[in-house]
Amino acid sequence: MNKLNKVLLVLSIVLILILIGTVYFFMSKNYYIPDLFVRGDIEEVINLKESSNFNQVEIEHNDKKIKVYKLENIINKVQPLSTEFKLVLSSSDELRAEIEGNELSESYLNFSSGNGWEVINLNHPISSNIKLLKNITVVTKEPNISESMTIIKRDENIIKTTVGQLLTGSYIHRPILEGSSVLTDQSQSYSVDIYLNKKAISLQDIVNEKIVGRTVLFNKNGETIIYRDGFLELTNNQINYYNPENREKLKNIAGIVLDAPSQSNKDVFYDSLYYLENGHKVLVILLDGFGYHQYNYCMDKGIIPYMEGIDNSSLAITSYKPVTNTGLAAVLTGKGPQENKIYSRDFKNIAVDDIFKIISEMGLNSVYMEGNINILNTSIDPILNPDLNENGITDDEIFKRTLNELNGNADFIFVHFHGIDDMGHSYGPYGEKTIEMINKTDRYIQEFAQNWPGKIIITVDHGMHSIPNGGDHGLVVYQDMFVPYLITDGGLKDE
Ligand SMILES: [Zn+2]
Ligand SMILES: [Zn+2]
């Protein structure tokens with residue numbers, strides 16, 4: 001090896017050592033990087049402190065070239081629930097700026113030891129460049145009900161809000177005891193209580209009135225809980241319910257029903273068994289998609305003279321999600337989705353005994369009349385009624401077939417009419433064809449009654465609300481959640 005090569009080798013080694021030393025020096029300096037949460041009306045919450053997998057770009061700012069994150073990339077990653085949103089940028093010294101979600105093309109995030117997290121908006125007024133940034137909250141501007149938490153009463157939807165809106169409004173910090181521990185050192189013991197500060201809003205403060213009567217909370221999974229004090233807790237992208245007294249909790253609230261009726265369509269199960277045990281035959285008529293508000297309207301207009309004559313009528317609540325599978329399962333099992341495991345249209349296998357199973361164990365006969373498809377996997381097969389005359393409705397076929405069964409040996413007949421729901425979807429809950437269908441159904445029921453020597457229970461799986469071109473259901477709105485519940489006797493008394 002010649003002299004030059006030796007020198008180069010030594011030089012290279014020295015350079016490598018210096019490089020390693022430098023990297024080591026900077027790493028061991030141990031910057032404290034504060035949290036920066038991207039939260040609100042989004043799918044996925046991120047803490048920028050922990051997410052380093054965003055590409056950096058170089059921009060010129062205050063005559064310096066700096067490497068920054070593109071805000072747009074970060075917002076795309078968290079998946080805002082709506083395309084129409086704003087960003088609320090708030091700092092640890094309580095400064096706040098709001099920018100439009102669709103104007104982020106020249107907005108960047110920078111971290112420096114001096115300014116902490118800092119947003120740099122090249123297109124916006126300089127006052128939007130917030131330093132010591134603590135939270136970026138995505139707030140949906142005009143949230144749909146399905147993206148919101150709703151609070152409803154029996155005949156009114158009173159509140160529609162989102163976690164983003166609540167996080168940027170006012171709430172209090174409530175210290176909640178998380179746990180205690182004790183350290184014992186010879187004769188002395190030292191204890192510590194650990195508290196966690198929860199962001200809390202009382203239900204009273206949101207609705208601006210005292211909470212009286214029965215209040216029911218539903219979450220997005222179809223779980224439900226009865227409200228007993230406690231508060232709403234805001235997490236980074238959910239609204240939870242928490243009661244510190246008994247530690248009851250329900251995560252991800254979809255809606256809250258104030259002054260909820262104690263009667264529900266689950267009562268069909270218990271009422272039917274009660275009548276059967278007492279020697280009555282029972283006919284249950286389930287009117288798909290006939291909300292209490294439609295029932296009320298039709299009563300007023302004289303459209304349902306038979307049902308109008310039934311005195312034993314009440315307003316009942318259905319289960320969430322107010323769709324056919326969930327409502328039907330609640331009626332057939334007397335239990336909500338938490339127990340029967342029918343949370344939405346995606347579920348068919350009932351986790352508990354259905355009414356048909358219990359009736360057969362009593363030594364009695366059941367008949368189950370359906371439309372053209374099997375909705376749930378029930379313990380007896382339904383009699384399916386295809387649309388033979390191709391008029392788009394199966395109710396006429398169901399009607400004829402059921403009339404034959406009424407004189408048979410069944411102790412319990414369950415009839416599921418679909419026409420009101422079909423028309424409601426196509427023409428809206430008050431559409432002319434929907435109202436005609438309701439009227440026709442009333443006449444079907446009347447004819448059943450004249451031929452049935454037993455009890456009759458009429459109820460509904462879920463209601464129906466208006467949408468621009470028809471109707472739909474599946475939300476915590478009074479139109480979907482409240483249904484009629486009627487009990488009467490057939491024309492021929494079974495003495
Ligand atoms: Zn339905
Ligand atoms: Zn429907």
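Biologist: Where is Lys-321 found?
Modeller: Lys-321 sits in the loop between strand E21 (313-317) and helix H8 (324-333). Helices (H or I, at least four residues) and strands (E, at least two) are DSSP runs, numbered from the N terminus. This is a predicted model: local features need pLDDT of at least 70, side-chain atom pairs count only at pLDDT 80 or more, and totals for chains, interfaces and linings use all residues. Residues are numbered from 1 along each chain as its sequence is written, with chains lettered from A and ligands numbered from 1 in the order in which they are written.

Biologist: And the peptide bond from Tyr-320 to Lys-321, cis or trans?
Modeller: That bond from Tyr-320 to Lys-321 is cis, with omega near 5°. Most peptide bonds are trans.

Biologist: New topic. Which residues touch the most others in the largest nonpolar core?
Modeller: Val-284, Ile-285, Leu-286 and Val-415, out of 88 residues in that core. A nonpolar core is a set of buried Ala, Val, Leu, Ile, Met, Phe, Trp, Tyr and Cys residues joined through C-beta atoms within 7 Å. Buried is 20 or more other C-beta atoms within 10 Å of a residue's own, exposed is 12 or fewer, and partly exposed is in between, with C-beta atoms placed from the backbone.

Biologist: Which helix gives the most to this core?
Modeller: Helix H13 (residues 432-450), with 7 residues.

Biologist: What is buried in H13?
Modeller: Several residues, including Ile-435, Ile-438, Tyr-444 and Phe-448.

Biologist: What does Val-415 contact, leaving aside neighbours within four places in sequence?
Modeller: Val-284, Ile-285, Leu-286, Met-369, Ile-398 and Thr-402. Contact is C-beta atoms, placed from the backbone, within 7 Å.

Biologist: At what angle do H12 and H13 pack?
Modeller: About 170°, with the axes 8 Å apart. Axes are lines fitted to C-alpha atoms, for helices over the stretch in contact, and angles run from 0 to 180 degrees between N-to-C directions. H12 and H13 are therefore roughly antiparallel, a label for angles over 145 degrees.

Biologist: Which residues meet there?
Modeller: Among them, Ile-420 and Met-423 in H12 and Met-437 and Ile-438 in H13.

Biologist: Now Glu-94. Where does Glu-94 lie?
Modeller: In the loop between strand E5 (85-91) and strand E6 (96-100). Glu-94 has a positive phi of about 70°, although it is not a glycine.

Biologist: Buried or exposed, Glu-94?
Modeller: Exposed, because 8 other C-beta atoms lie within 10 Å of Glu-94.

Methods:
Contact = placed C-beta atoms within 7 Å. Parallel < 35°, antiparallel > 145°, perpendicular 65-115°, else oblique.
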